[in-house]
Amino acid sequence: MTELTFSIIKPDAVERGLVGDILKMIADSGLKIKAMKMLRLTKAQAEGFYAVHKERPFFGELVKYMVSGPVVVSVLEADNAVERYRGLMGATDPAKAAEGTIRKRFGLNIQNNACHGSDGPATAATEVAYFFNQLEMVG
Ligand code: ATP
Ligand code: MG
């Protein structure tokens with residue numbers, strides 16, 4: 001079933017010039033880009049986006065990292081897009097990510113792990129709406 005997911009190419013990857021490499025992996029995996037933009041998150045936006053983690057010990061550092069530089073946000077479409085993109089990203093900790101995944105290739109550590117992908121269709125819908133309106137869904 002055709003599904004949407006939401007992606008962030010995180011500040012560590014943008015800063016190292018990896019946007020093109022990661023978008024190529026996304027395209028090669030069969031995920032279609034429906035919408036995309038580069039922006040810099042505000043502290044409030046980053047806190048809101050990761051609100052589910054606000055009690056976790058790493059929350060403060062995570063927010064600082066996510067506002068440390070520009071990110072590239074996109075909406076991806078495919079059959080089973082959520083699961084497919086989670087598979088392409090690999091495990092949260094790049095040291096545990098499988099060969100050929102984005103995080104294995106480009107992640108630096110469990111925090112600076114190059115990319116974000118929604119963890120379910122309902123989360124995807126919330127995250128897409130957090131960053132994009134219908135007029136921006138041009139792909
Ligand atoms: P994301 O939501 O960014 O796609 P994920 O779903 O694989 O990643 P989550 O558990 O949702 O992992 O964690 C959100 C983000 O918080 C991680 O991607 C990472 O940047 C950071 N993070 C997670 N666990 C840790 C940790 N133990 N120490 C430091 N940072 C962490
Ligand atoms: Mg997550």
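## Close-up views of a predicted model

**View 1. Strand 1 and strand 3 side by side.** Strand 1 (residues 2–9) and strand 3 run antiparallel and are joined by eight bridges; helices (H or I, at least four residues) and strands (E, at least two) are DSSP runs, numbered from the N terminus, and two strands pair if DSSP finds at least two bridges between them. Within this pairing, L4 has E77 of strand 3 as its bridge partner. The model is predicted, and for that reason local features need pLDDT of at least 70 and side-chain atom pairs count only at pLDDT 80 or more, while totals for chains, interfaces and linings use all residues. Residues are numbered from 1 along each chain as its sequence is written, chains are lettered from A and ligands numbered from 1 in the order in which they are written, and side-chain values use heavy atoms, with hydrogens and water left out.

View 2. Four strands form an open sheet in the order 2-3-1-4, with antiparallel pairing. Strand 2 (32–39) and strand 4 (115–117) stand at the edges with a single partner strand each, so one side of each has no neighbour in the sheet. On average, and with direction ignored, neighbouring strands of this sheet are turned by 20° against each other, where axes are lines fitted to C-alpha atoms, for helices over the stretch in contact, and angles run from 0 to 180 degrees between N-to-C directions. Helix 2 (residues 19–28) packs on the sheet and touches strand 1, strand 2 and strand 3, its direction making about 165° with that of strand 1. Helix 5 (residues 81–89) also packs on the sheet, touching strand 1, strand 3 and strand 4, and its direction makes about 35° with that of strand 1.

View 3. S74 is found in strand 3 (residues 71–79) and counts as buried at 2% relative accessibility, since buried means under 20% relative accessible area, exposed over 50%, and partly exposed in between (1.4 Å probe, protein chains only). Not counting residues up to four places away in sequence, S74 touches T5, F6, S7, A35, M36 and F132, a contact being heavy atoms within 4.5 Å.

**View 4. The largest nonpolar core.** A nonpolar core is a set of buried Ala, Val, Leu, Ile, Met, Phe, Trp, Tyr and Cys residues joined through side-chain atoms within 4.5 Å. The largest one has 21 residues, of which I9, I22, I26, L31, Y85 and I102 touch the most other members. Two or more residues come from each of helix 1 (11–15), helix 2, strand 3, helix 5 and helix 6 (102–106), and helix 2 gives the largest share, five residues.

View 5. The whole structure holds seven salt bridges, each being a side-chain nitrogen of Lys or Arg within 4 Å of a carboxyl oxygen of Asp or Glu. One of them joins D28 to K24, with the closest N and O atoms 2.7 Å apart; D28 and K24 both lie in helix 2, four residues apart, about one turn of the helix, and both are exposed. Another joins K34 to E77, with the closest N and O atoms 3.9 Å apart. K34 lies in strand 2 and E77 in strand 3, so this pair ties together parts that are 43 residues apart in sequence. K34 is buried, with a relative accessible area of 16%.
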